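Subject: Structure for your review

Dear colleague,

Please find below the structure I promised to pass on, followed by an account of what was found in it. I would be glad if you read the notes with the coordinates open beside them.

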Amino acid sequence: GAVLAAMLYSLLPLACIWFGDEMGDYIGTLPGPAINRRSPGWMVKIGGWFLLLFPAILFVFTFPNS
């Protein structure tokens, strides 16, 4: 159960890291607000790394003595 949840959580960050340039070039509509400008690929990749490492960073600051 926990392994499956970790794998599903890591799908979006890994997609942002591996396909950052392609995802940054997307312009169109999603279920939320419309995307009307391109995003720099390097920013998408940095956001992906942040999302991927966020649980570990949160764990370190939440349980410093573990």
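Helices, at least four residues long, and strands, at least two, are taken as DSSP runs and numbered from the N terminus. With that numbering, Pro31 falls in the loop that joins helix 2 (20-24) to helix 3. Please keep in mind throughout that this is a predicted model.

Overall architecture

The protein has three helices and zero strands, and reading along the sequence gives the pattern α-α-α. Its radius of gyration is 15 Å, well over the 11 Å that the globule rule gives for 66 residues, so the protein is more spread out than a compact globule. The C-alpha trace spans about 45 × 25 × 20 Å along the principal axes. Among contacts with a separation of 6 or more, 48% are between residues 24 or more positions apart.

The nonpolar patch

Which residues make the nonpolar surface patch? The patch, of about 910 Å², is made by Tyr9, Leu12, Trp18, Phe19, Met23, Phe50, Leu51, Phe54 and Leu58. Helix 1 (2-18) and helix 3 (41-62) are the elements that give two or more residues to this patch, and helix 3 gives the most, with four residues. Leu53 is also found in helix 3, and at 42% relative accessibility this leucine counts as partly exposed. Between Leu53 and Ser10 the C-alpha to C-alpha distance is 9.7 Å, although the two are 43 residues apart in sequence.

Aromatic pairs

The structure holds two aromatic pairs. Because Phe50 and Phe54 are four residues apart in helix 3, they are separated by about one helical turn. Phe50 is partly exposed, with a relative accessible area of 49%, and Phe54, at 36%, also counts as partly exposed. Phe59 and Phe63 form an aromatic pair that is likewise tilted, at 5.3 Å centre to centre and with 50° between the planes. Phe59 has a relative accessible area of 44% and is partly exposed, and Phe63 counts as partly exposed at 44% relative accessibility.

Salt bridges

How many salt bridges does the structure hold? There are two salt bridges. Asp21 forms one with Lys45, where the closest N and O atoms are 3.7 Å apart. Since Asp21 lies in helix 2 and Lys45 in helix 3, the pair ties together parts that are 24 residues apart in sequence. Asp21 is partly exposed, with a relative accessible area of 42%, and Lys45 is partly exposed as well, with a relative accessible area of 29%.

Arg38 forms a salt bridge with Asp25, the closest N and O atoms here being 3.9 Å apart. Both Arg38 and Asp25 sit in the loop between helix 2 and helix 3, 13 residues apart. Is Arg38 buried or exposed? Arg38 is exposed, because its relative accessible area is 58% and the cut-off for that class is over 50%. Asp25, by contrast, counts as partly exposed at 44% relative accessibility.

The loop between helix 2 and helix 3

To return to Pro31, which lies in the loop between helix 2 and helix 3, its relative accessibility is 89%, so this proline counts as exposed. Pro31 and Leu8 are 23 residues apart in sequence, and their C-alpha atoms are 20 Å apart in space.

With best regards

Notes: Residues numbered from 1 in each chain as written. Predicted model: local features only at pLDDT ≥ 70, side-chain atom pairs only at ≥ 80, totals over all residues. Heavy atoms only, no water. Patch = residues over 30% accessible without salt bridge, like charges linked within 9 Å, V, L, I, M, F, W, Y side chains within 5 Å. Areas by Shrake-Rupley, 256 points an atom, 1.4 Å probe, with all protein chains shown as cover. Salt bridge = Lys/Arg side-chain N within 4 Å of Asp/Glu carboxyl O. Buried < 20%, exposed > 50% of the residue type's maximum accessible area, 1.4 Å probe, protein only. Rg over C-alpha atoms; globule rule 2.2 N^0.38 Å. Contact = heavy atoms within 4.5 Å. Phe/Tyr/Trp six-rings, centres within 6.5 Å; stacked < 30°, edge-to-face > 60°.
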